[in-house]
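Biologist: Please show the model, and then I will ask what the labels rest on.

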Amino acid sequence: FAMAVAVGLKRAFAAETAESTGPGVGLDTLRALLAELSERAGELSGKAAAMSAAEIHGEVDALLQGPAYAFVEGRATLQKTAGMTSFALVMDPFSRGERQLSRAWSASVDDHAEEARTSLLKAAPLLEAARDAFPG
C-alpha cells in the first residue's frame, strides 16, 4: 500500500512539474532567460544614476514580469534536468538577485530612487553569478 501511495505521489508531482514549466521549456530557454535578465539588470544598474524613481520602476517592473518571471516558472526543468546540485548553484545567487530587484522595485514605487539604485547595484553581480553557474 505504501509503495502505491509513493508511486501515486511521484506521478502527481511529475504531472504538476510538467504543467508548471509548460511545453518546450528546456535548459536552453532557461539559459537564454537568465542571460537576458543578467544583461538587462547590469545595463540598468549602470544607467540608473541618471534615472528618476518612476523610470527605474518601469524598467525593473519589466524585468520582474518578463525574464525573471519566466525563469522562475521554468525552474523545475532546471532541477529535473541538471540535478539538485546545479539547481542550488544557480538558484542561490538568482534568488538573492531577484530579491534585490524586488527591493529596487519597492523603493522606486515609494520614490526612493537612491535606495532603488543601491539595490540594482547589488542585483547585477548576483544575477551574473547565477548566469555563470548555469550548467552547460
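Predicted model: local features only at pLDDT ≥ 70, side-chain atom pairs only at ≥ 80, totals over all residues.

Modeller: Residues are numbered from 1 along each chain as its sequence is written, and side-chain values use heavy atoms, with hydrogens and water left out.

Biologist: Why is serine 119 called buried?

Modeller: Buried means under 20% relative accessible area, exposed over 50%, and partly exposed in between (1.4 Å probe, protein chains only). Serine 119 has a relative accessible area of 1%, so serine 119 is buried. Serine 119 is found in helix α6, residues 113-133; helices are DSSP runs of H or I with at least four residues, numbered from the N terminus. Contact means heavy atoms within 4.5 Å, and serine 119 touches Gln100, Arg103 and Ala104, not counting residues up to four places away in sequence.

Biologist: What makes threonine 29 partly exposed?

Modeller: The relative accessible area of threonine 29 is 36%, and therefore threonine 29 is partly exposed. Threonine 29 lies in helix α2.

Biologist: How do you know that α2 and α6 are roughly antiparallel or roughly parallel?

Modeller: Axes are lines fitted to C-alpha atoms, for helices over the stretch in contact, and angles run from 0 to 180 degrees between N-to-C directions. The axes of α2 and α6 come within 8 Å and cross at roughly 155°. Angles over 145 degrees count as roughly antiparallel, under 35 as roughly parallel, 65 to 115 as roughly perpendicular and the rest as oblique. α2 and α6 are therefore roughly antiparallel to each other.

Biologist: Which classes of residue make up the contact of α2 with α6?

Modeller: The contact of α2 with α6 has 10 nonpolar, 3 polar and 2 charged residues. Ala, Val, Leu, Ile, Met, Phe, Trp, Tyr, Cys and Pro count as nonpolar, Asp, Glu, Lys and Arg as charged, and the others, Gly among them, as polar.

Biologist: Which residues touch the most other members of the largest nonpolar core?

Modeller: A nonpolar core is a set of buried Ala, Val, Leu, Ile, Met, Phe, Trp, Tyr and Cys residues joined through side-chain atoms within 4.5 Å. Of the 29 residues in the largest one, Phe71, Phe94, Leu101 and Leu120 touch the most other members. Helices α2 (27-47), α3 (53-73), α5 (84-109) and α6 each supply at least two residues of this core. Not counting residues up to four places away in sequence, phenylalanine 94 touches residues including Leu34, Phe71 and Leu126.
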